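Good morning, and thank you for coming. Please look at the sequence and the structure while I take you through a few of their features.

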Amino acid sequence: PTVPIANLDNASLSVIPGQGWQIVLYLNNNSGGMINPLINCQFTNSGNPVESTRASLPPVGPGQRVGLTINGPPSNLFVDGSNCQLASPS
């Protein structure tokens with residue numbers, strides 16, 4: 001099959017003033033079984049890493065789409081980009 005087991009989409013980077021940076025995104029379980037997703041995200045400044053974060057989600061059922069927020073560095077650090085990838089399942 002050419003469809004991935006799961007995929008991430010609609011990631012958006014935002015800041016909560018006085019608190020921190022966050023990425024809001026969605027995970028789609030394209031499989032017919034339960035998965036235990038692990039997501040790696042990197043917050044960047046001009047392409048250089050500022051902070052890396054790993055998020056472990058509870059089990060996601062077959063065909064489910066779930067939204068999540070991944071928290072990053074404090075808002076006093078400059079961040080202008082982010083990148084998230086599904087580490088597991090692959």
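Leaving aside its neighbours within four places in sequence, which residues is Asn 28 in contact with? They are Ile 5, Ala 6, Asn 7, Asp 9, Gln 64 and Arg 65, where contact means heavy atoms within 4.5 Å.

A word on the source. This is a predicted model, in which local features need pLDDT of at least 70 and side-chain atom pairs count only at pLDDT 80 or more, while totals for chains, interfaces and linings use all residues. Residues are numbered from 1 along each chain as its sequence is written, and side-chain values use heavy atoms, with hydrogens and water left out.

Let me stay with Asn 28. Asn 28 is found in strand 2; helices (H or I, at least four residues) and strands (E, at least two) are DSSP runs, numbered from the N terminus. With a relative accessible area of 11%, Asn 28 is buried. Here buried means under 20% relative accessible area, exposed means over 50%, and partly exposed is in between, with a 1.4 Å probe and protein chains only. The side chains of Asn 28 and Asp 9 are joined by a polar contact of 3.2 Å. A polar contact is a pair of N or O atoms within 3.5 Å; within protein, one must be able to donate a hydrogen and the other to accept it, and residues adjacent in sequence count only if both atoms are side-chain atoms.

Asn 29 also lies in strand 2. Asn 29 is buried, at a relative accessible area of 2%, and its side chain makes a polar contact of 2.7 Å with the side chain of Ser 31. Beyond four places in sequence, the contacts of Asn 29 include Ile 5, Met 34, Val 60 and Gln 64.

Now to the sheet. In general, strands of a sheet pair through backbone hydrogen bonds, either parallel or antiparallel. This model has an open sheet of 3 strands in the order 1-2-5, with antiparallel pairing. Its edge strands are strand 1 (6-16) and strand 5 (65-74), each pairing on one side only. Two strands pair if DSSP finds at least two bridges between them. Strand 2, residues 20-29, is joined to strand 5 by 8 bridges, and Leu 25 has Leu 68 in strand 5 as its bridge partner.

What ties strand 3 and strand 6 together? A disulfide joins Cys 41 to Cys 84, with an S to S distance of 2.0 Å; a disulfide is a pair of cysteine sulfur atoms within 2.5 Å. Cys 41 lies in strand 3 (residues 38-45) and Cys 84 in strand 6 (residues 81-88), so the pair ties together parts that are 43 residues apart in sequence. The torsion about the S-S bond is about 110°, so this disulfide is right-handed. Both Cys 41 and Cys 84 are buried.

Finally, some backbone details. Most residues other than glycine have a negative phi, and most peptide bonds are trans. Asn 10, in strand 1, has a positive phi near 55°, and at 52% relative accessibility it is exposed. Ser 46 has a positive phi of about 55°. Ser 46 lies in the loop between strand 3 and strand 4 (48-56) and is exposed, with a relative accessible area of 58%. Ser 88 and Pro 89 are joined by a cis peptide bond, with omega about -5°, and Pro 89 is found in the segment after strand 6.
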